[in-house]
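Please read them with the structure open beside you.

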Amino acid sequence: MKKLIWLLIALFGAGAVGVIALQRGESVNALWFIAAALCVYAIAYRFYAAWISASVLACDATRITPAERLENGRDFVPTNKWIVFGHHFAAIAGPGPLVGPTLAAQFGYLPGTLWILFGSVLGGCVQDMVTLFCSTRRDAKSLGQMARDELGLLGGAAALMATFVIMIILIAVLGLVVVNAMKHSPWATSTVAATIPVAMMVGFYMRFFRPGQVLEATALGVTLLLLSVVAGGWIDHDESLRLCFDREGLFLAWSVMAYGFAAAVLPVWLLLAPRDYLSTFMKLGTITLLAVAIVMLRPEVKMPALTMFINGTGPIFGGKLFPFVFITIACGAISGFHSLIASGTTPKLLTNERDIAMIGYGGMLLESFVAVMAMIAATVLDPGVFFAINSPVGVVGKEAVDVVAKISSWGFPVTLTQMQHLAEQMGETTLFARTGGAPSLAVGMASIFGSAFGERLLAVWYHFAIMFEAIFILTTLDAGTRVGRFMLQDMLGNLWPKMAETSWMPSVLFASGLVVSGWGYFLYIGVIDPNGGVNILWPLFGMANQMLAAIALCVATGILIKSDKLKYAWITGGPLLWLVIITTLAAFEKVASDDTRIGFLSAAQDLAAKSAAGALPAEKAAVASQLIFNLHLDALLTLFFVVLLWLIVIDMLRVSSRYLAGKPVPPLSEAQYQLRLVNSERLMD
Amino acid sequence: MLKQLRVAWRILRQLSGDDAYERYLEHFVERSLISNCSECQQPLSKKAFFRRWQDEKWYGVKRCC
């Protein structure tokens, strides 16, 4: 009977994937996406994850976990598996799976959706789960420590470097997304600005007024946030007030930098911790709401399955379908960043090794589902509207008339009145060239929410969606800046021990300043770049994230081989091979391609030639030298990623082949087996 | 229905860390029973516990993309 049910799920899932893959000419209902996703996830979880857990990793319910062995009531706390799942998911789910699919929708809905589904069940989920397992068996050590212990110094140093660089690029690109969403939008800017004092109020409440009353404080904060969305509308309607918040991108970029610096220096209780509570609640609530709305509304997906931009001429970012769709959708399919949470953080709460599949694999499945919903929200828009919002000025021109003419000429009809009407509905002056993915996602979400829960409130829904995206982008931004500060202080401590003191003010200010200027630089260039900046920064981020994933998979593959499980090493080795191929190819194209929209070096050459010939428009000529320098820097950074990636892959292969040849290697650092002291009842479940 | 609501409330409190201090006290009592040394340490006050909990929680990578 059970077999029959699973067979039916498999058949229905295959049918649903078939519908979205083969439908041509007519629109597809979004429910098919949801159905395909749920069936693929169910089958993968029930069979692949269960098999990995039982046969490959041999998760052992009788074995004590670090949470129990090292229990201290503070960070090592054995916790109910659902609670651990909640914490783990809240930590891994960020803005990445929302932005990536939105950008990748320029290829059509199909490539991105397939990569989200199959990349996650074969790659991302496996990475998260195996990393969680390895760290659980090693006293909840971090990825960097595991790389050092299992592979050697090179592996450890590479993991540390990769983490630091990816953090810088990630923050820059996220900052750019927020800046683009707030540019010349008084409503969005005032709402996002209001989230800062709201977070501080909540911080004070939790610290002094009612210490530890987290839920009370969060309820207060969420209410204030919703109020600030509405209040943003009032500000937008007030002529004098709206001028205060109607700002250029550059001003907003400097504000975001000042904010990031303050968040890294100020105590956590004031800004970081309360903002995180608010963003977690907002995130879980809004994602649930979106799922409910999609199921209620059953919108039609209007984007074709494939667009002509698979040939690499896409307006949002340059590059062919292969390999760029795999770089653009990093989180949502496979994200190296997750391995930092799966090692070090989550294992400190895990009570039973048997739950590793549910938390590691299941957590990533849910994240992948968020990416599918983002893809739906982007593709229910009229393709013409989607491209009008997301195409940068440098590609489609500045004048609205030219933009609609150009986009319509691609076969995606859009009119000026349509765009004006839409902007009015959303309470914005214009929606042209709002690159970065956040505004188009917000328009998509607003139209879904609006149709499901009340059309009249479209503008409020739009700004609610912007606030929702901004609040957890800023949470990643400030948490990331702070982590970057700690890492930098740690590194500087090797040169001068006093620098490693995390409470020594000069060191705090210096390290924070350095981290902020690192990402601030890329943010600044992204804002002044007429091609939108996203075209450069997002692929860099994607490559960095995939590189970190490759490092995690290297560590996992090395551990599997050293545990005499060579015949199973393909479960991590397969995704690793794929990532090495796509990252290397994408990096090669980004550096060496002759297409100026793809290759950094050819773009720099082209710009230099035009600048020398005086063929650039005035505003671009003014920043040409900065852009040229930046393109060279980006090329260098890309090369650095690839070299780092190959170094660690070669190191893993060296250690593995030495092990297989019986030569000495760093020993497995797995903790000794110890029996869990539990009653039989707990063992059963 | 009431029972389910109560369970949901408990999960919500635990997820958000709202009941972290209560769980810490339970843990403290359990430990002092095992080690049989009640006078060696007093439990932290709610305020002090929460401070330490918050500071520790925010050391390291806690959020990603």
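1. Read from the N terminus, the elements of chain B follow the order α-α-α, and the chain holds three helices and zero strands; helices (H or I, at least four residues) and strands (E, at least two) are DSSP runs, numbered from the N terminus. Of its 65 residues, 20% count as buried, a residue being buried if 20 or more other C-beta atoms, placed from the backbone, lie within 10 Å of its own.

2. This is a predicted model, in which local features need pLDDT of at least 70 and side-chain atom pairs count only at pLDDT 80 or more, while totals for chains, interfaces and linings use all residues. Residues are numbered from 1 along each chain as its sequence is written, with chains lettered from A and ligands numbered from 1 in the order in which they are written.

3. Between the chains, 35 residues of chain A are in contact with 28 residues of chain B, contact meaning that C-beta atoms, placed from the backbone, lie within 7 Å. On the chain A side, helices H4 (81-92), H10 (214-237), H13 (272-297), H15 (338-342) and H22 (458-495) each supply at least two residues, and H4(A) gives the largest share, five residues.

4. Within chain A, the axes of helix H17 (residues 383-390) and helix H21 (residues 438-453) come within 8 Å and cross at roughly 145°, where axes are lines fitted to C-alpha atoms over the stretch in contact and angles run from 0 to 180 degrees between N-to-C directions. Phe386(A), Ile389(A) and Asn390(A) of H17(A) meet Pro439(A), Ser440(A) and Val443(A) of H21(A) in this contact.

Methods: Contact = placed C-beta atoms within 7 Å. Buried ≥ 20, exposed ≤ 12 C-beta atoms within 10 Å, placed from the backbone.
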